[in-house]
Amino acid sequence: MTRRRIAWQALILAGLALLGWLLVDTTASRLQERGIRSGFDFLLEPAGFALGESLLPFEASDSTLRAFAAGLLNTLRVALPGAVLAVLIGVIVGFGRLADNPLVRGLATAFVNGVRNVPLLLHLLAWYFILTDLLPAADSALPLAPGVFLSKSGLALPWWGEAGWEVPVPAGFGIDGGARLTPEYLAMLIGLSLYAAAYIAETLRGAVQALPPGQRLSALALGMTPRQAFTLVLLPQAWRAALPPVTSQLLNLFKNASLAVAIGYPDLVSVAGTSLNQTGRAIECLAVVIAVYLLLSLLAAALSHGLERRGLRGAPA
Amino acid sequence: MRLAHLRRTLFGDALNTTLSLLILAAAVLALPPLLDWAVLKARFAPDVVACEALEHAGACWGVVAEKARFILLGRYPADEAWRPLLAAGLITGSWLAAAYGGLRGRALPLALLLAPLLALPLLAGGFAGLGSVPTELWGGLPLTLLLTGAGMAGALPIGIAVAYGRRSSLPLLRGLLTAYVELARGIPLVAALFIASFLLPLFFPQGVAVDMLWRVLIAIVLFAAAYLSEIIRGGLQAFPAGQIDAASALGFSPWQTQRWIVLPQVLRNVAPSLANSAIALFKDTSLVTIVSLYELTGALGLALSGDAQWRPFYLEAWLFIAAIYWLGCALLARISRRFGQA
């Protein structure tokens with residue numbers, strides 16, 4: 001029996017080696033035909049393309065490696081605030097789905113069904129269209145609050161500038177001072193967080209409704225009000241059950257940030273795509289993308305594992 | 001009694017009263033203008049001059065009539081339009097039969113898997129007097145349905161094989177398959193599509209050119225199979241061991257036990273989860289527009305982005321597409337619920 005197992009595994013290994021050799025061989029000759037060199041040396045050469053926006057100061061003459069770093073930073077810049085917003089909105093909508101009030105419940109249900117049954121890409125395209133086509137031009141920007149202006153060229157906010165705290169003011173054809181969030185960034189942030197929020201809301205609702213009904217009834221029998229029973233008895237237990245699926249939804253949000261390529265927000269995947277088109281080094285560029293995402297997945301798995309262990313050890317809040 | 005209950009839930013305490021009043025006020029403020037825009041002031045004829053005269057005070061549903069063929073069928077040759085329509089009808093019909101029809105038992109999954117395989121030659125042509133149509137020209141709704149249907153049909157057998165492989169006693173096989181599943185589940189679909197678009201052509205020997213559609217389909221199948229294999233593996237793990245012992249006591253071989261006892265029950269148990277994966281895949285097919293295949297979402301962009309006259313009415317055409325996706329998801333969700341009952 002053991003001998004047969006070893007024979008089978010040797011066979012698999014041999015097949016794998018053959019397949020690997022064939023792939024390497026054909027790939028090498030394909031690359032040679034097209035005159036594409038291979039290797040990661042291009043990462044240190046000038047990128048040769050500009051980025052629409054970047055936290056890292058970036059110019060076309062900077063290295064490709066820096067472009068990838070700027071892309072990753074752009075992914076994180078939209079995914080991290082997006083995750084926070086998604087949890088906040090998701091919790092509110094999830095509570096709405098569980099409310100006794102039929103109006104609140106109906107509104108939350110309409111939100112969840114409306115958002116979840118349409119592809120994320122369509123959400124992003126719609127937000128991008130609204131933000132770039134339907135809004136007024138920068139010279140007649142909508143004042144949302146003192147110092148906050150929304151227009152086709154994005155959202156202007158008060159922020160620290162070279163001269164300290166700056167409040168944007170309309171000036172001629174545009175708006176001066178403060179910080180600017182581009183329409184691409186806003187469309188990504190709104191689309192990603194609302195989409196993930198709908199899934200988080202459903203997870204929370206499911207987790208609360210999956211609790212045995214006796215829990216609520218005993219809490220009521222002990223003299224708690226319905227709201228106390230919800231916040232003190234049901235929620236702490238449901239939260240623990242919902243934690244793993246919510247983590248995986250937040251991980252999905254990170255992966256979905258790659259849809260940025262469709263509306264021209266320079267995230268990691270879209271930077272890799274541009275660099276791939278410039279240099280032809282498909283293997284290397286995609287290897288970077290895969291490595292980064294696998295690393296992020298591992299990190300998230302470790303984080304969620306740690307959270308779960310802490311949640312199980314600590315006394316219920 | 002009913003009214004009293006309603007009053008208590010709507011206006012029972014300060015918080016609920018505030019929320020109810022806010023929602024009612026918002027509805028009163030928002031609904032009349034919305035009705036005005038969508039119906040009362042809207043134009044339904046494909047007349048661009050009349051639509052422009054509205055200045056967005058009313059919807060221009062004419063854009064849907066004007067661009068319907070392009071949005072629904074993409075660049076498929078116009079005089080062959082019956083073929084993509086029939087292909088879309090076949091797949092939609094199999095979904096409708098699964099959701100509402102009398103199909104039961106084995107015929108149901110068979111119909112769901114066969115319909116996309118029949119739609120393929122119908123779209124491709126090149127036999128029995130049907131002119132052959134290159135895959136670059138396929139598009140719109142038939143392509144969306146085909147990628148979903150054929151993607152699931154291809155991913156299911158691979159998913160089953162991978163799920164069994166990961167329970168094998170061979171550590172090398174287990175390790176390899178685990179690596180594949182974790183890799184596929186770790187990367188975004190966009191990255192997988194980039195691999196299909198840029199990397200896969202390098203793997204084929206000289207002179208072998210595989211169309212983008214087939215490369216994308218390979219990527220989708222391998223991507224979805226990783227998720228399906230996890231669902232099926234979960235089903236296998238939850239299967240009661242007593243039944244396997246009972247089968248072997250009755251003289252079933254291990255192979256027969258899996259084939260006749262375990263797999264049919266496991267597939268039935270996880271069928272709702274499989275259908276949920278089909279919903280996810282149905283929505284995810286919209287991403288293939290990123291590698292220039294013009295399914296429903298891509299066809300929308302193709303139809304409007306180059307047309308300065310009609311482009312201002314993007315939102316109306318968008319709502320039309322969104323409604324199609326919404327109906328598709330609702331249909332698949334119904335299939336999922338029906339699988340759950342069976």
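The contact between the two chains draws 38 residues from chain B and 41 residues from chain A. On the side of chain B that touches chain A, the helices α1 (2-11), α2, α8 (171-186), α9 (189-203) and α14 (314-341) of chain B each supply at least two residues, and the largest share, nine residues, comes from α14(B). By class, the residues on this side of chain B divide into 29 nonpolar, eight polar and one charged. The model in which these contacts are found is a predicted one, and the values reported here are computed from it.

Along the principal axes, the C-alpha atoms of chain B fill a box of roughly 75 × 70 × 40 Å. Of the 342 residues of this chain, 39% count as buried. When the contacts in chain B between residues at least 6 apart in sequence are considered, 68% join residues that are at least 24 apart.

One helix pair that spans the two chains is formed by helix α3 (residues 102-116) of chain A and helix α2 (residues 14-40) of chain B, the axes of which come within 9 Å and cross at roughly 55°. Because of this angle, α3(A) and α2(B) are oblique to each other, and their crossing is left-handed. The contact is made by A:Leu103, A:Val104 and A:Leu107 on the side of α3(A), and by B:Leu19, B:Ser20 and B:Ile23 on the side of α2(B). Sorted by class, the residues in the contact of α3(A) with α2(B) are five nonpolar, one polar and no charged.

Within chain A, helix α2 (residues 64-98) and helix α8 (residues 268-279) have axes that come within 7 Å and cross at roughly 155°. This angle is over 145 degrees, and α2(A) and α8(A) are therefore roughly antiparallel to each other. The residues that make the contact are A:Thr64, A:Ala67, A:Phe68, A:Gly71, A:Leu72 and A:Thr75 of α2(A), together with A:Leu268, A:Ser270, A:Val271 and A:Ser275 of α8(A). In terms of class, the contact of α2(A) with α8(A) has five nonpolar, five polar and no charged residues.

The axes of α2(A) and α5(A) come within 6 Å and cross at roughly 40°, and the two helices are therefore oblique to each other. The crossing in which α2(A) passes α5(A) is right-handed, and the contact of α2(A) with α5(A) has 20 nonpolar, four polar and two charged residues.

A:Ala67, which has its place in helix α2 of chain A, is buried, because 29 other C-beta atoms lie within 10 Å. Residues up to four places away in sequence not being counted, A:Ala67 touches A:Ala47, A:Leu51, A:Phe58, A:Asp62, A:Val271 and A:Ser275.

The largest nonpolar core has 166 residues, of which A:Leu124, A:Met188, B:Val190, B:Ala191, B:Leu193, B:Val216 and B:Ala317 touch the most other members. Helix α5 (residues 183-209) of chain A gives the most to this core, with 17 residues. For B:Val190, with neighbours within four places in sequence left aside, the contacts are A:Ser258, A:Leu259, A:Val261 and A:Val269 in chain A, and B:Leu287 and B:Ile290 in chain B.

An exposed position is provided by B:Ser132, which lies in the loop between α6 (107-124) and α7 (140-165) of chain B. B:Ser132 counts as exposed because it has 9 C-beta neighbours inside 10 Å, where the cut-off for an exposed residue is 12 or fewer. Not counting residues up to four places away in sequence, B:Ser132 touches B:Ala124, B:Gly125 and B:Gly126. B:Ser132 and B:Leu122 are ten residues apart in sequence, with a C-alpha to C-alpha separation of 9.4 Å in space.

Methods. Residues numbered from 1 in each chain as written. Chains lettered and ligands numbered in written order. Predicted model: local features only at pLDDT ≥ 70, side-chain atom pairs only at ≥ 80, totals over all residues. Buried ≥ 20, exposed ≤ 12 C-beta atoms within 10 Å, placed from the backbone. Contact = placed C-beta atoms within 7 Å. Axes fitted to C-alpha atoms, helices over the stretch in contact; angles between N-to-C directions. Helix = DSSP H or I, 4+ residues; strand = E, 2+ residues; numbered from the N terminus. Parallel < 35°, antiparallel > 145°, perpendicular 65-115°, else oblique. Left-handed = near helix turned anticlockwise from the far one by under 90°. Nonpolar A, V, L, I, M, F, W, Y, C, P; charged D, E, K, R; others polar. Core = buried A, V, L, I, M, F, W, Y, C linked by C-beta atoms within 7 Å.
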